[in-house]
Every structure is written in structure tokens, then in C-alpha cells.
Amino acid sequence: MPRNIAPRNIAPRKIVPNVVLRGNNVMRTITGLISGALCAATCMVPLFADSWPFGRGDSAGTGATKVELPEKLGLMWELKLGGIGFESTPIIADNTIFIGDPDGRFFAIDATTGQEKWRKEYETGFVASAAYIDSMIYIGDYDGVLRAMEAATGKEVWTFKAEMQIDASPTAYGDNLLVTSEDGTLYCVKRANGELVWKYETGDQLRCGASLAGDRTYLGGCDGKLHVVDVTQGKAIGEPIPLDGPTGSTPSVAGNNVFVPTHGGKLFAFDAETSKEAWQFFDPKLAQEFQNNVATADNLVVATSRNKHVFAIDATTGKVVWDIVLRKRADGSPVIAGDSVVVAAADGRLIVLDLKTGNENWLYEIKGGFIGSPAIADGKIVVASDKGTVFCFGADLR
């Protein structure tokens with residue numbers, strides 16, 4: 001893909017109620033179930049090529065999809081929604097983008113046209129990503145309320161109340177939902193009515209999501225430990241595993257490995273079956289503090305740290321494969337699309353890198369910056385800015 005640096009001020013071709021359309025917004029649909037080893041054994045809800053149903057893509061928290069990006073990318077549309085800006089990652093399903101903001105607004109946006117389908121407004125705020133399962137949307141808020149809404153209409157079906165703020169996307173397991181809260185609890189509730197099934201208490205804040213590997217989940221918490229929980233009954237599997245410090249990152253599960261970054265600047269790999277440490281990575285020049293999640297695919301783990309580095313680590317050995325330095329750090333987590341890595345940086349640069357080499361293949365720059373991560377579906381990149389604008393990038397057919 002050629003390097004394509006877009007100017008900051010581009011005259012729109014056509015205005016459609018608050019939507020700036022650019023280029024040809026007709027995309028080729030990629031069909032079929034993604035059956036790669038990344039999520040086949042761990043995803044309780046299948047990840048299709050035209051969807052990104054959880055904040056980290058799938059129930060395993062890989063932050064990855066097999067969908068390849070178009071050879072030439074361009075801006076399809078942008079939707080300016082204002083407010084104090086977005087902090088969360090959008091999700092995508094049924095050709096619709098779902099995202100909430102700290103102002104308490106929750107939006108459903110047509111993925112092809114960029115026009116609003118519906119919105120809801122609440123006396124709260126959203127920093128967590130939503131989850132889409134079986135035509136329903138599930139989203140947690142500042143006040144610890146988990147809401148179930150009809151995806152087509154936004155009609156609220158039920159609510160469940162945790163004790164404190166919900167920071168991460170819920171996860172699906174069978175007929176149940178798993179959701180974490182800053183009250184230090186992992187809740188399991190019924191998807192049908194929000195009834196509590198069980199809860200697991202860690203004793204300290206949980207800001208990560210619950211990643212799945214079969215019938216167990218992994219939780220990294222502010223207590224500086226990794227909790228392994230049997231999700232069929234809400235019981236711990238063994239003693240919590242000590243880490244070097246607290247973590248707010250959602251663990252990523254790929255193959256037989258669980259990857260956990262920490263605030264202490266270390267990245268741990270554990271065996272998913274035995275929970276034994278496989279390796280740990282620490283390099284003060286690269287790591288420093290991890291405040292986001294890693295993405296993993298093709299035996300590589302891609303991480304961004306507070307010192308502006310983006311780097312890939314061999315998932316088997318824990319050795320650095322490549323390393324690049326950004327102009328400014330990336331607060332959002334990296335995502336992987338086929339053979340590409342997509343990084344949304346705090347300075348408003350959306351960057352596509354080669355997964356194997358780290359070489360920059362494409363760059364787009366906006367006014368403002370990004371706090372949340374991109375979502376990938378149907379050959380499109382969707383990302384929301386801290387200025388309250390949602391962007392959609394796809395095949396540039398001009």
C-alpha cells in the first residue's frame with residue numbers, strides 16, 4: 001500500500017446531515033466465518049469478517065481479525081458528533097457502528113453512509129466498549145449500570161447494577177454475560193434478563209475485560225495478580241498468580257498462550273492450560289508502562305507503551321522482532337487486520353504497519369487525537385476521536 005498522508009483540511013465532496021462523504025463508499029463484502037487458530041477454540045461468539053462485536057474484537061481479547069485491509073485506503077466518511085470526545089472503541093455488527101461517549105450518549109451509525117440510525121442519552125457516561133450478541137447490545141457505564149438494548153432500535157430491555165464503574169466490554173459465554181467492575185468483581189448475568197448467576201470478587205479494582213479460553217477466563221487486576229476463573233461456576237482455578245504490579249489491560253488469549261501487560265512495564269506469557277509462566281518481557285527502553293492491551297496473531301504479540309514505542313514480540317520466545325517509535329504515544333490499543341497492524345495515536349495519526357516488519361504502509365492525520373482503539377470489519381477501519389468525530393476508512397476507488 002502506498003504511503004498516503006491526508007491533509008488536515010480536506011474539502012468535503014458532499015454533505016449529508018452532519019456527515020462528510022469522501023470517495024466511493026461501495027465496499028466489497030468479505031463473506032464467511034473466520035476460522036483461524038486465533039479464535040476458533042476460544043470465541044464463544046464467532047467473529048465474522050463483517051463484524052467486530054466486542055471491544056477487543058472477540059471473546060479471547062486478541063484484538064485481531066483475518067480480514068485484510070484494502071490495498072489502497074481512503075476516508076469514506078466522518079460523522080461529527082461533538083461533545084467532550086470519545087474514549088472507547090467502537091463495535092461493528094449488522095453494518096452498524098455502536099459507540100458511547102462520556103457525555104452519556106450512545107449511538108448507532110450506518111457503517112456505509114455514516115448517518116445516525118438512532119441515539120440514546122443518559123445521565124451518566126460511557127468509557128467502556130459495547131458488546132453485540134444475537135441482535136442485542138450490552139454496554140456498561142460510569143455508574144456501574146449494565147444495559148441491554150435492542151440493536152435495531154435502542155430500546156432498553158433490562159439493566160443490571162454493579163457497585164462501581166464499568167470500564168470494559170462485556171464478554172459472552174453461552175447464555176450468559178461476563179462483565180467486570182471497578183468494585184473488584186466479575187459478574188456473570190443471564191443475557192435474557194440480567195439476572196445474576198454468580199460473582200467472583202478479587203478484592204481490588206478490575207478495569208480489564210474478561211478474556212475467554214474455553215470454560216475459563218483470565219482477569220488482571222489492580223491487586224497485581226492474574227486471576228483464573230472457571231466461568232461455569234464462578235470459582236477460582238488455583239491461587240491468583242502474582243504479577244510485578246497492577247494492570248488494567250485485558251489479557252489476550254491465542255493458541256495455548258495468555259498475554260498480560262502490566263503497569264510495571266512487563267509483558268507476561270502464561271500457558272493457558274497450566275497457568276504456568278512461559279516467559280516475561282521487560283526492556284526499559286521499550287516497555288515502561290502498559291496502560292492498554294496487546295494484539296496477537298501469527299505468533300506475534302504487538303504492544304504499544306507509554307514511551308511512544310510500537311513493537312512486536314515473538315509469541316514463543318518473548319524476543320523482540322521489530323520496534324518503531326511514534327511521534328507521540330498511542331493511548332489506544334493496537335489491532336491486527338490480516339498482515340497489517342493499525343495504531344491510532346494521541347496526536348491524531350492513524351497508522352498502518354506491516355505485521356511482519358513494522359514498516360509503515362499508510363498514514364492519515366486528523367485534527368485532535370485518539371484515546372480509543374480502531375475496530376476492523378468488512379475491510380473498513382472505524383475509529384472515534386477525542387473531538388467527538390467518528391471516522392470510517394475503506395477502499396479508495398478513486
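Modeller: Let me start with a term we will need: a residue is called buried if its relative accessible area is under 20%, exposed if it is over 50%, and partly exposed in between. Please also keep in mind that this is a predicted model.

Biologist: Okay, so is the pair Asp-101 and Arg-105 buried or exposed?
Modeller: Asp-101 and Arg-105 are both buried, and the two form a salt bridge in which the closest N and O atoms are 2.8 Å apart.

Biologist: Why would those two side chains pair up at all?
Modeller: Side chains of opposite charge can pair when their charged atoms come close.

Biologist: How many salt bridges are there by this rule?
Modeller: The count comes to 15 salt bridges. One of them joins the side chains of Arg-147 and Asp-141, at 2.6 Å from N to O, and Arg-147 and Asp-141 are both buried as well.

Biologist: What else does the charged end of Arg-147 do?
Modeller: The charged end of Arg-147 sits over the ring of Tyr-122, 4.0 Å from the centre of that ring. Tyr-122 in turn belongs to a cluster that ring pairs build from Phe-98, Phe-106, Trp-118, Tyr-122, Phe-126 and Tyr-132.

Biologist: And what about the side chains of Asp-331 and Arg-306?
Modeller: Those side chains also meet in a salt bridge, with 2.9 Å from N to O. The pair links distant parts of the chain, 25 residues apart, since Asp-331 lies in the loop between strands S29 and S30 while Arg-306 lies in the loop between strands S27 and S28.

Biologist: Why do Asp-331 and Arg-306 count as partly exposed?
Modeller: Asp-331 counts as partly exposed because its relative accessibility is 23%, and Arg-306 counts as partly exposed because its value is 28%. Both values fall in the range between the 20% and 50% cut-offs.

Biologist: Which residues are linked in a network of salt bridges?
Modeller: Arg-327, Asp-347, Arg-349 and Glu-365 are linked in such a network.

Biologist: New topic, strands. Why is S31 described as largely enclosed?
Modeller: Strand S31 covers residues 340-344, and five of its five residues are buried, so the strand is largely enclosed by the rest of the structure. Ser-340, Val-342 and Ala-344 point one way from S31, whereas Val-341 and Val-343 point the other way, and all are buried.

Biologist: Why do the side chains take turns like that?
Modeller: In a regular strand the side chains alternate between the two faces of the sheet.

Biologist: What does S31 pair with?
Modeller: S31 pairs with S30 in the antiparallel sense over three bridges, and five bridges join S31 to strand S32 (residues 349-354), again running antiparallel.

Biologist: How do the turns look?
Modeller: S30 and S31 form a hairpin with two residues between them, and Gly-338 in that turn has a positive phi of about 60°. S31 and S32 form a hairpin with four residues between them, where Gly-348 in the turn has a positive phi of about 85°.

Biologist: In what order do the strands of the open sheet with S22 and S25 come?
Modeller: Four strands form that open sheet in the order S22-S23-S24-S25, with antiparallel pairing. The edge strands are S22 (252-254) and S25 (277-281), each of which pairs on one side only, and the twist averages 20° from one strand to the next. Four bridges join S24 (residues 267-271) to S25, and the bridge partner of Phe-268 in S25 is Gln-280.

Biologist: Back to rings. How many aromatic pairs does the count give?
Modeller: The count comes to 17 aromatic pairs. In one of them, the rings of Trp-362 and Phe-393 have their centres 5.5 Å apart and their planes at 75°, so the pair is edge-to-face. Trp-362 lies in strand S33 and Phe-393 in strand S36, so the pair ties together parts that are 31 residues apart in sequence. Phe-391 and Phe-393 form a stacked pair, 6.3 Å centre to centre with 15° between the planes, and both of these residues are buried.

Biologist: Last one: how many disulfides does a search of the whole structure find?
Modeller: The search finds zero disulfides. As for individual cysteines, Cys-188 is buried, with a relative accessible area of 1%, and Cys-392 counts as buried at 0% relative accessibility.

Terms used: Residues numbered from 1 in each chain as written. Predicted model: local features only at pLDDT ≥ 70, side-chain atom pairs only at ≥ 80, totals over all residues. Heavy atoms only, no water. Pairing = 2+ DSSP bridges. Axes fitted to C-alpha atoms, helices over the stretch in contact; angles between N-to-C directions. Salt bridge = Lys/Arg side-chain N within 4 Å of Asp/Glu carboxyl O. Buried < 20%, exposed > 50% of the residue type's maximum accessible area, 1.4 Å probe, protein only. Disulfide = S-S within 2.5 Å. Phe/Tyr/Trp six-rings, centres within 6.5 Å; stacked < 30°, edge-to-face > 60°. Lys NZ or Arg CZ within 6 Å of the ring centre and 35° of its normal.
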